[in-house]
Amino acid sequence: MLRRKFAHFPDRPDRSVLALTGRLHEFDVGFAAQPALYGSMPATLFPSPGTAVAATALWVTPAQFTQLAWSELSYRLGRLETRFEVEEGGAVFDQVLAFVSRFGAFRVGGEPIALAAVPADGRSAQALTQEQALDAAAALALGPEANAEALVRAIFEDFAGLIPSLVETVNREGLPFASGRWTPLGSSP
């Protein structure tokens with residue numbers, strides 16, 4: 001994904017990026033309450049006290065930062081005041097910039113759900129696979145008998161026609177991002 005976003009830059013430093021893996025504290029990674037045009041449920045952060053979720057911090061150039069901001073229009077950019085511990089080398093950051101979904105975190109049974117594919121310590125949220133999250137979204141948008149495959153087919157066959165149903169059901173299950181540790185950057189949508 002980053003290769004697609006940065007490969008076109010003429011300057012070599014803008015075509016590579018330092019990625020630091022580690023743990024982000026007090027937040028978890030869940031599903032955005034809006035299926036993507038390519039048929040998946042994208043990721044977003046949600047507050048989760050006691051959780052330390054696997055995450056990657058990117059050390060970017062100004063050109064890369066601009067590219068990321070423009071390519072993530074369905075997300076809000078802001079500063080999180082929380083601990084990010086780098087896996088190797090022991091570095092710790094107390095603030096990070098992060099993107100969070102404008103649609104909020106997808107809820108099942110009234111609670112945000114975590115991505116099972118993203119490891120976390122101290123996770124309290126139910127973790128689902130991508131297919132299970134799409135099954136839940138399909139049941140909301142298309143009816144109780146629908147599944148992930150039916151939703152993905154509907155997205156590819158008639159996304160514009162599906163929008164009213166997604167807004168009515170799946171988007172309504174979005175928990176807006178709210179945290180005292182969060183400061184949005186830029187103007188409101």
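Strand β7 (residues 105-108) and β12 run antiparallel and are joined by 2 bridges. Ala-105 has Leu-175 as its bridge partner in β12. Strands here are DSSP runs of E with at least two residues, helices are runs of H or I with at least four, and both are numbered from the N terminus; two strands pair if DSSP finds at least two bridges between them.

This is a predicted model, where local features need pLDDT of at least 70 and side-chain atom pairs count only at pLDDT 80 or more, while totals for chains, interfaces and linings use all residues. Residues are numbered from 1 along each chain as its sequence is written, and side-chain values use heavy atoms, leaving out hydrogens and water.

Back to the sheet: it is open, with 3 strands in the order β8-β7-β12 and antiparallel pairing. Its edge strands each have a single partner strand, so one side of each is left without a neighbour in the sheet.

| Edge strand | Residues |
|---|---|
| β8 | 111-112 |
| β12 | 174-175 |

Now for the largest nonpolar core, which has 37 residues. Such a core is a set of buried Ala, Val, Leu, Ile, Met, Phe, Trp, Tyr and Cys residues joined through side-chain atoms within 4.5 Å. α5 gives the most to this core, with 8 residues.

Asn-171 counts as buried at 15% relative accessibility (buried means under 20% relative accessible area, with a 1.4 Å probe and protein chains only). A polar atom of its side chain lies 2.5 Å from the backbone oxygen of Ala-33.

Notes. Buried < 20%, exposed > 50% of the residue type's maximum accessible area, 1.4 Å probe, protein only. Polar contact = N/O pair within 3.5 Å; in protein donor to acceptor, adjacent residues only side chain to side chain.
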